[in-house]
Amino acid sequence: MKKEVKDTIIVELGQKLKEYPHFYLVDVTGLNAEDTSALRRKCFKNEVKMVVVKNKLLHKAFEASDIDFEPLYSTLKGNTAVMFTQTANVPAKMLKEYQTKKAEIPALKAAYAEECIYVGAQNLDALVAIKSKNELIGDIVSLLQSPAKNVVSALQSGANTIHGVLKTLGERPE
């Protein structure tokens, strides 16, 4: 590969590192063509950009970045695919789904999510547990609605009780 091509790839990787706030380094060693295509389709469907890269070029893109990615350098061995995403937990959920099918590949090498670095496949459960922005908004809305629903239901049940008491008193012979 010519130096100009390598430089272009390093610049493109640097742009993707700035464009996407989260990325996962995944080991794709041993995936056949059919499985690789299926993984790429699944990534596309979930709005995840998957790129298979040379470790040296990714290392140079990391070095050129403003963020210190030094803990990730040791994971750059073997075949590496980078999954770029806007939502931190989507690739983790995809990888977890592959694990439930008893597939060891693709395997998580490391991740950069929510401005934290996770190294090793043992962190997959923690990455799955990260809530997306929409999930957090949903939780907040449900928490805010809960007290209001309790007040409304208490008022409604109280009104029914008072109405029943008044009706019974009104029907009572004097």
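How accessible is Cys116, buried, partly exposed or exposed? Cys116 counts as partly exposed, because its relative accessibility is 37%. The cut-offs behind these words are as follows: buried means under 20% relative accessible area, exposed means over 50%, and partly exposed lies in between, with a 1.4 Å probe and protein chains only. Another cysteine, Cys43, counts as buried at 1% relative accessibility. The count of disulfides is zero, where a disulfide is a pair of cysteine sulfur atoms within 2.5 Å.

The model is predicted: local features need pLDDT of at least 70, side-chain atom pairs count only at pLDDT 80 or more, and totals for chains, interfaces and linings use all residues. Residues are numbered from 1 along each chain as its sequence is written, and side-chain values use heavy atoms, with hydrogens and water left out.

The strands are described next. Helices (H or I, at least four residues) and strands (E, at least two) are DSSP runs, numbered from the N terminus. Strand 3 spans residues 80–85. Six of its six residues are buried, so strand 3 is largely enclosed by the rest of the structure. Both faces are covered. Thr80, Val82 and Phe84 are buried on one side. Ala81, Met83 and Thr85 are buried on the other. In a regular strand the side chains alternate between the two faces of the sheet.

Strand 3 has antiparallel partners, and two strands count as paired if DSSP finds at least two bridges between them. Strand 1 (residues 22–27) is joined to strand 3 by six bridges, and the two run antiparallel. In this pairing Phe23 stands opposite Phe84, and Val26 stands opposite Ala81. Strand 2 (residues 49–53) also pairs with strand 3 in the antiparallel sense, over five bridges. Here Val53 is placed opposite Thr80.

Strand 1 also pairs with strand 4. Five bridges join these antiparallel strands. Tyr24 stands opposite Ala111 in strand 4. Five of the six residues of strand 1 are buried, so strand 1 is largely enclosed by the rest of the structure.

Helix 3 (residues 55–64) has a buried side. Its buried residues are Asn55, Leu57, Leu58, Ala61 and Phe62. They cover an arc of only 160° around the axis, which puts them on the same side of helix 3. This arc is that of the directions from the helix axis to the C-beta atoms. The face turned away from the buried side carries the exposed residues Lys56 and Ala64. The buried residues of helix 3 pack against helix 1 (3–19), strand 1, strand 2 and strand 3, where contact means heavy atoms within 4.5 Å.

Asn55 illustrates the polar side of this packing. Asn55 lies in helix 3 and counts as buried at 16% relative accessibility. Its side chain makes a polar contact of 2.7 Å with the side chain of Thr80. A polar atom of the Asn55 side chain also lies 3.5 Å from the backbone oxygen of Leu76. A polar contact is a pair of N or O atoms within 3.5 Å; within protein, one must be able to donate a hydrogen and the other to accept it, and residues adjacent in sequence count only if both atoms are side-chain atoms. Leaving out residues up to four places away in sequence, Asn55 touches Leu76, Lys77, Gly78 and Thr80.

Aromatic rings were examined next. Rings of Phe, Tyr and Trp (its six-membered ring) pair if their centres lie within 6.5 Å; planes under 30 degrees apart count as stacked, over 60 as edge-to-face and the rest as tilted. The count comes to seven aromatic pairs. One of them is the stacked pair of Phe23 and Tyr112, at 5.6 Å centre to centre with 25° between the planes. Phe23 lies in strand 1 and Tyr112 in strand 4 (residues 107–113), so the pair ties together parts that are 89 residues apart in sequence. Phe23 is buried at 1% relative accessibility, and Tyr112 is buried at 9%.

Tyr112 also pairs with Phe69. The ring centres are 5.2 Å apart and the planes are at 85°, so this pair is edge-to-face. Phe69 lies in the loop between helix 3 and strand 3, and Tyr112 in strand 4, so the pair ties together parts that are 43 residues apart in sequence. Ring pairs link Tyr20, Phe23, Phe62, Phe69, Phe84 and Tyr112 into a cluster.

Phe84 and His22 are 62 residues apart in sequence, and 6.1 Å apart in space, C-alpha to C-alpha.
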